[in-house]
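Work through the exercises below with the sequence and the model open. Each task is followed by its solution.

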Amino acid sequence: MNGTPRFAADAMLGRLARWLRVLGYDTWYDSAVADADLVRLAEDEGRVLLTRDRHLLRELRPARALEVRLDDPLHQLREVVRELALASPGELFTRCMLCNAPLQELGRAEALPRLPPGVQAMDGPVRRCPACGRLYWGGSHVRRMRAALERVLPGWGQEPAPTNPPA
Ligand SMILES: [Zn+2]
């Protein structure tokens, strides 16, 4: 496989899709998509199809697919990482978990007024999704997700070294 793989996840794999986006992997997901459309989209866009559906694999024979066998989303993530020998990303939370868009980093002055009171003193980047507007920063939710990731993929969920955010 050339370059960084991109994914298309079936309707059963919404939480796995979110985790792949946390790692930065471009992952298409729509819970309402029909099987045939999902397979066509994956083929057209050169995506690896992730599915729990053996029937889909047998009937529609996608060119590049991985059958996900486990139930827990984080175990599924580890399964995908191992099966495809994915490399650990340098940084987490560079892509929106909800809509898959690459996030834009906000400058300090731009970010501060948008954050809730109490988190304004926090270091680290603040990123914004250009599609849905959601903000990502190193708050408790992100820390919990890092800890959960660290439990299944040791070394992958660690906090980045402190950096000076852009002014
Ligand atoms: Zn978004």
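The exercises cover a metal site, a ring pair and a helix.

The model is predicted: local features need pLDDT of at least 70, side-chain atom pairs count only at pLDDT 80 or more, and totals for chains, interfaces and linings use all residues. Residues are numbered from 1 along each chain as its sequence is written, and side-chain values use heavy atoms, with hydrogens and water left out.

**Exercise 1.** Determine which residues coordinate the zinc ion and what the arrangement of the donor atoms is.

Step 1. Donors are N, O and S atoms within 2.8 Å of the metal (3.2 Å for Na, K and Ca); water is not among the atoms, so sites may look incomplete.
Step 2. The SG atoms of Cys96, Cys99, Cys129 and Cys132 coordinate the zinc ion at 2.1 to 2.3 Å.
Step 3. Their angles are 99 to 122 degrees, so the arrangement is tetrahedral (four donors, all angles between 85 and 135 degrees).
Step 4. Along the chain the donors follow C-x2-C-x29-C-x2-C.

**Exercise 2.** Find which rings form the aromatic pair and classify the pair.

Step 1. Rings of Phe, Tyr and Trp (its six-membered ring) pair if their centres lie within 6.5 Å; planes under 30 degrees apart count as stacked, over 60 as edge-to-face and the rest as tilted.
Step 2. The count is one aromatic pair.
Step 3. Phenylalanine 7 and tyrosine 25 have ring centres 5.9 Å apart and planes at 75 degrees, so the pair is edge-to-face.
Step 4. Both phenylalanine 7 and tyrosine 25 are buried (under 20% relative accessible area, 1.4 Å probe, protein chains only).

**Exercise 3.** State which residues of α4 are buried.

Step 1. Helices (H or I, at least four residues) are DSSP runs, numbered from the N terminus.
Step 2. In α4 the buried residues are Pro73, Leu74, Gln76, Leu77, Glu79, Val80 and Val81.

Note on methods: Four donors count as tetrahedral if all angles lie between 85 and 135 degrees; four count as square planar and six as octahedral if opposite donors are over 155 degrees apart and all others between 65 and 115; anything else is irregular. Buried means under 20% relative accessible area, exposed over 50%, partly exposed in between (1.4 Å probe, protein chains only). Helices (H or I, at least four residues) and strands (E, at least two) are DSSP runs, numbered from the N terminus.
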